[in-house]
Amino acid sequence: MIRKPLSRKAKSAPRRTKPAARPHRNHSPDELGALAAAGVKALALPIESNWQAGITFNLQLLFKHAALIDGFALPDESEPAPVFRA
Amino acid sequence: MLETTAFDSAWMTAGEVAAAFAAGRVSAVSIVEQALARVRARDPLLNSFTALTELRARLRARALDDARSRGEPVPPLAGVPFAVKNLFDIAGLPTVAGSKINRDFPPAARDATLIERLETAGAILLGALNMGEYAYDFTGENVHDGPAHNPHDPKRMTGGSSSGPAAAVAGGLVPFALGSDTNGSIRVPSSLCGLFGLKPTYGRLSRARTFPFCASFDHVGPIARSARDLAITYDAMLGYDEDDPVCAERNAEPVTPVLDRSLDGLRVAVAGGYFKCRAAEPVYAIDRIAAALGANRDIELPEAERARSAAYIITASEAASLHLPRLRARAKDFDPATRDRLIAGAMLPASLVTKAQKFRRWYQREVLKLFTEVDAILAPASPCPAPLIGQQTFKLGDLELPVRANLGIYTQPISFIGLPVVVAPVPMSPLPIGVQIIAAPWREDVALRIAHALETRGVAAAQRPPLGEG
């Protein structure tokens with residue numbers, strides 16, 4: 001079934017945006033491993049050494065997703081939505 | 001009164017069971033005994049229940065029978081058995097939320113609000129249902145309780161995290177069950193088990209006395225074998241609740257009275273761009289439903305991929321914050337797959353989480369603009385039919401993706417901004433798959449009317465698996 005587009009693609013950023021951030025570079029497992037090691041210490045999390053790889057893998061995944069958001073320009077006046085209303 | 005053997009409620013809808021009870025064709029005690037017998041017979045295979053409330057159910061059934069014999073008014077769900085994901089408080093039981101750690105919690109003092117409302121409407125609670133640990137799951141696997149099994153093929157996943165609700169309803173144990181949905185935990189299991197599922201607008205149904213996951217986009221709702229059952233049960237649960245701080249102060253807007261209203265004039269489009277699935281089954285399902293609705297236009301949700309990423313980040317951060325004390329005290333008692341993600345989430349810089357929250361507001365405004373052009377949007381509910389239990393990856397077009405992280409790629413960008421969604425199951429062989437019908441905030445009626453019309457036309461249906469017969 002062929003369907004026609006209904007609306008124009010929305011602009012990727014609204015009016016009065018800041019310049020797009022420089023694309024996030026990929027972090028190496030070593031860098032994120034170091035962040036994880038420092039983080040568990042700062043947060044007083046008692047982890048075992050064989051958990052480190054799983055934590056670092058997930059941290060890499062999170063930073064990959066974060067890079068997409070970090071690279072999206074928003075106006076300085078943007079409000080966060082921590083108390084969310086539909 | 002008919003004997004139990006003459007009345008087979010295994011695949012009856014909640015509406016049909018309630019009608020039979022109201023007409024005096026069956027007793028509530030018979031209905032409950034049948035349901036308990038089905039649980040005993042089938043649940044060793046499905047592994048959907050983690051606790052049965054047999055005594056409570058029998059007492060409740062007897063009370064309903066007595067009230068009917070006294071000629072008292074029969075409430076709308078009288079005699080209908082149901083069960084709840086084990087993150088709902090059930091008085092007298094610890095609320096385990098799929099975990100080992102919460103088993104040490106004291107028993108809940110009071111039922112969750114939605115259980116109270118359903119019982120006021122005459123429904124009968126049968127017990128608590130399996131789920132992914134702390135709802136951080138799309139697979140239905142659980143290292144503490146074992147995986148729930150898909151009734152269409154017990155070697156396959158139910159999807160998660162509302163795994164037990166989907167297995168129990170698709171397996172014919174109960175006509176409906178309650179689940180929760182943060183990133184897709186009602187919609188993914190509904191898709192994989194071939195069921196109707198409703199994730200209402202954020203703030204519509206009370207979450208009071210349920211164990212949280214990510215407070216800013218936790219939702220609760222029903223899973224059932226018909227769209228009408230979704231409407232009936234949803235109507236029974238409506239209403240403001242001061243015990244849930246985000247429950248909206250809105251008048252109850254029941255859907256059942258308008259369910260059969262014509263779809264004439266409703267504008268339905270298909271989500272394009274990010275939602276253009278490259279796998280055969282979701283494409284077939286979308287095309288079939290789009291054709292039935294005459295939805296011949298595509299519409300693009302702007303920056304949906306970023307929305308999914310923002311949902312991913314906020315989820316990890318909020319869940320990590322929730323569980324930080326338990327990670328400090330009892331990290332070894334978590335499922336390792338949950339624990340590693342939670343610890344990683346605790347490391348996320350606040351600057352990135354706040355940016356995700358700002359993006360969320362921007363994205364919500366952009367998507368809401370689309371609802372000036374359309375009334376409903378169709379999108380896949382899952383990128384594939386049910387994978388095998390233990391399967392690590394699946395193919396999506398040319399890509400091979402991890403199952404655990406990606407079963408919710410099409411649901412995350414929707415619940416993230418609180419839109420109401422009904423999943424409509426499309427029968428396929430060998431496995432069903434679902435389509436999301438997404439409506440504007442507070443327009444559950446639109447999504448439910450469309451799902452009901454599709455069911456009436458035979459396009460959407462909850463197929464009875466071989467297991468569900470007899």
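How far apart should the ends of the 13 residues of helix α14 (residues 444–456) of chain B be at 1.5 Å a residue? The views below come from a predicted model, in which local features need pLDDT of at least 70, side-chain atom pairs count only at pLDDT 80 or more, and totals for chains, interfaces and linings use all residues. Residues are numbered from 1 along each chain as its sequence is written, with chains lettered from A and ligands numbered from 1 in the order in which they are written.

**View 1. Helix α14 of chain B and what follows it.** (The expected span is 1.5 Å times one less than the number of residues; helices are DSSP runs of H or I, at least four residues, and strands are runs of E, at least two, numbered from the N terminus.) α14(B) is mostly covered, with 11 of its 13 residues buried, meaning 20 or more other C-beta atoms within 10 Å of a residue's own, where 12 or fewer is exposed, in between is partly exposed, and C-beta atoms are placed from the backbone. Among the buried ones are B:E444, B:R449 and B:H452. Just past the helix, B:G458 takes a positive phi of about 80 degrees.

**View 2. Helix α5 (residues 163–170) of chain B.** Here 8 of 8 residues are buried, including B:P165 and B:V169. B:G172 follows α5(B), and its phi is positive, near 75 degrees.

**View 3. α4 (residues 113–120) and α7 (residues 227–237) of chain B crossing.** Their axes come within 8 Å and cross at roughly 110 degrees. (Axes are lines fitted to C-alpha atoms, for helices over the stretch in contact, with angles from 0 to 180 degrees between N-to-C directions.) That makes α4(B) roughly perpendicular to α7(B), a label for 65 to 115 degrees; under 35 is roughly parallel, over 145 roughly antiparallel, and the rest oblique. B:L114, B:R117 and B:L118 of α4(B) meet B:T233, B:A236 and B:M237 of α7(B), a contact being C-beta atoms, placed from the backbone, within 7 Å.

**View 4. Where chain B touches chain A.** On this view, 55 residues of chain B are in contact with 39 residues of chain A. α11(B) gives the most to chain B's side, with 13 residues. Chain A itself runs β-α-α along its sequence, and buried residues make up 26% of its 86 residues.

Note on methods. Contact = placed C-beta atoms within 7 Å.
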